[in-house]
Amino acid sequence: MINPFLQRARNYPLKLSVDIHSFCNGRCTICPYPKYARRLSQGTMDWSLYQRIVQEAGEIGKEHNFRPLMSYCYMGEPFLADDLYRYTFLAEQAGMDLSLNTNAAAMTEEKINALLDSGFSGKIHISFHGITPEVYQRIMGLDYYLALKHIHYLLERYPHEKICVRGVDDRWPKGEKQMWTAYWRPYGVELEYLRPISRCGSVSRLLPRKLRNPDKIKLYGCRYHHPLVEMVILFDGRAVMCCQDMGREVIWGNVSRDGILGVWNSDIRKKVVEKLYSGRPGGKDFLCSRCEQALGKAGITHALAEASWRKMTRRRAGFKPPEKSTDKMVTAWK
């Protein structure tokens with residue numbers, strides 16, 4: 001049996017998450033960064049490598065008639081780069097859409113001005129976990145008032161519909177969610193209230209009981225199909241399984257050596273993606289077996305129904321899909 005989602009896989013990514021650097025100023029209780037920052041290599045991406053990534057991504061978009069999406073620092077804080085605007089400007093000039101994920105503590109007025117003056121027009125997602133200072137600082141370990149000051153400066157200068165505020169409920173006290181919502185809603189920004197996840201067991205206390213014995217869990221794919229659409233590139237050029245692979249457990253290859261397409265179509269990537277969509281147990285050593293976003297049998301049925309519904313509603317709205325691609329990823333099912 002070939003998983004229906006895998007049948008529609010492309011031989012190029014739609015999204016890139018690029019670690020222009022791997023550093024973060026936060027110490028969030030829901031993130032494994034504090035642990036991995038001590039264990040894993042850290043660094044800043046070479047500018048020439050970033051240029052090659054952007055150039056190839058832009059060419060892929062032009063060839064296949066779409067605008068690739070780029071975000072930065074999947075486990076870090078992009079505004080720690082003093083020249084973030086230089087990275088975003090190059091990507092937008094290459095025909096890419098941009099998305100920034102930030103905790104806002106390092107998003108100073110000067111950096112906001114430089115970013116907007118460069119012509120940045122992407123989506124900005126702001127992590128603000130809680131609305132009372134005590135809850136916020138317990139979860140994020142940052143200066144509540146400084147981050148809030150930076151956010152309000154951004155709100156005065158950037159379209160609110162392009163700003164999303166995320167709140168992850170890590171043991172929020174009673175009434176915190178209501179106060180958090182009431183504070184941000186009048187600004188007209190998008191709101192995302194989320195429950196914490198374990199990042200494939202990297203934050204062990206958050207790992208659900210049902211995933212603590214993964215040997216018998218059958219895998220039918222990813223709820224968001226990250227490995228079918230997105231490539232996460234580390235500062236040194238290595239590509240990992242997805243944005244949840246913060247422990248760098250599955251390395252697809254290195255784009256500094258083989259380029260985006262070379263890594264995307266490598267045997268290593270194909271094998272691990274097929275394993276995720278196989279309908280068989282992945283085993284305790286396979287990170288997807290420990291991921292809350294992995295699909296079980298019921299999950300893939302629901303996902304297929306959702307996909308069909310989205311397709312139908314888009315057609316009713318007059319959306320014309322691009323010509324069907326024939327460059328599907330080769331699969332080797334047994």
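Which helix lies across β2 and β3, and at about what angle does it run to β3? The legends below get to that one in the third view. Everything here comes from a predicted model.

**View 1. Nine strands make up an open sheet.**
Reading across the sheet, the strands come in the order β6-β5-β4-β3-β2-β1-β8-β9-β10, and their pairing is mixed. At the edges you'll find β6 (190-194) and β10 (251-254); each has a single partner strand, so one side of each has no neighbour in the sheet. Going from one strand to the next, the twist averages 25 degrees.

**View 2. Strand β1 pairs with β2 and with β8.**
Start at β1, which covers residues 15-18. Four bridges tie β1 to β2, and the two run parallel. To spot one of these contacts, look for Leu16, whose bridge partner in β2 is Met70. Now turn to β8 (residues 230-233), which is also joined to β1 by four bridges and runs parallel with it. Here Lys15 has Glu230 of β8 as its bridge partner.

**View 3. Helix α4 lies across β2 and β3.**
This is the helix from the opening question: α4, made of residues 84-93, runs at about 155 degrees to β3. The β2 part of this view spans 69-72. Strand β3 (residues 97-102) also pairs with β4 (residues 123-127), in the parallel sense and over four bridges. Leu100 makes a handy landmark, with Ile124 as its bridge partner in β4.

**View 4. Ring pairs link a cluster of aromatic residues.**
The members are Phe128, Tyr136, Tyr144, Tyr145, Tyr183, Trp184 and Tyr187. If you search the whole structure, 17 aromatic pairs turn up.

**View 5. Arg269 sits over the rings of Trp252 and Trp264.**
What does the charged end of Arg269 sit over at 5.2 Å from the ring centre? That's the ring of Trp252. Arg269 also lies over the face of Trp264, this time at 3.6 Å from the ring centre.

**View 6. The largest cavity has a volume of about 90 Å³.**
How many cavities of 30 Å³ or more does a search of the whole structure find? There are four. The largest cavity is lined by 13 residues, and the closest to its centre are Cys222, Cys242, Leu276, Cys288 and Cys291.

Notes: Residues are numbered from 1 along each chain as its sequence is written. This is a predicted model: local features need pLDDT of at least 70, side-chain atom pairs count only at pLDDT 80 or more; totals for chains, interfaces and linings use all residues. Side-chain values use heavy atoms; hydrogens and water are left out. Rings of Phe, Tyr and Trp (its six-membered ring) pair if their centres lie within 6.5 Å; planes under 30 degrees apart count as stacked, over 60 as edge-to-face and the rest as tilted. A charge sits over a ring if NZ of Lys or CZ of Arg is within 6 Å of the ring centre and within 35 degrees of the ring normal. Two strands pair if DSSP finds at least two bridges between them. Axes are lines fitted to C-alpha atoms, for helices over the stretch in contact, and angles run from 0 to 180 degrees between N-to-C directions. Contact means heavy atoms within 4.5 Å. On a 1 Å grid over the protein atoms alone, a cavity is a set of points where a 1.4 Å probe fits but cannot get out, and a pocket is an open set with protein on both sides within 12 Å along at least five of seven lines; lining residues have an atom within 4 Å of a point. Grid points are joined across faces, edges and corners, and a volume is the space filled by probe spheres set on the points.
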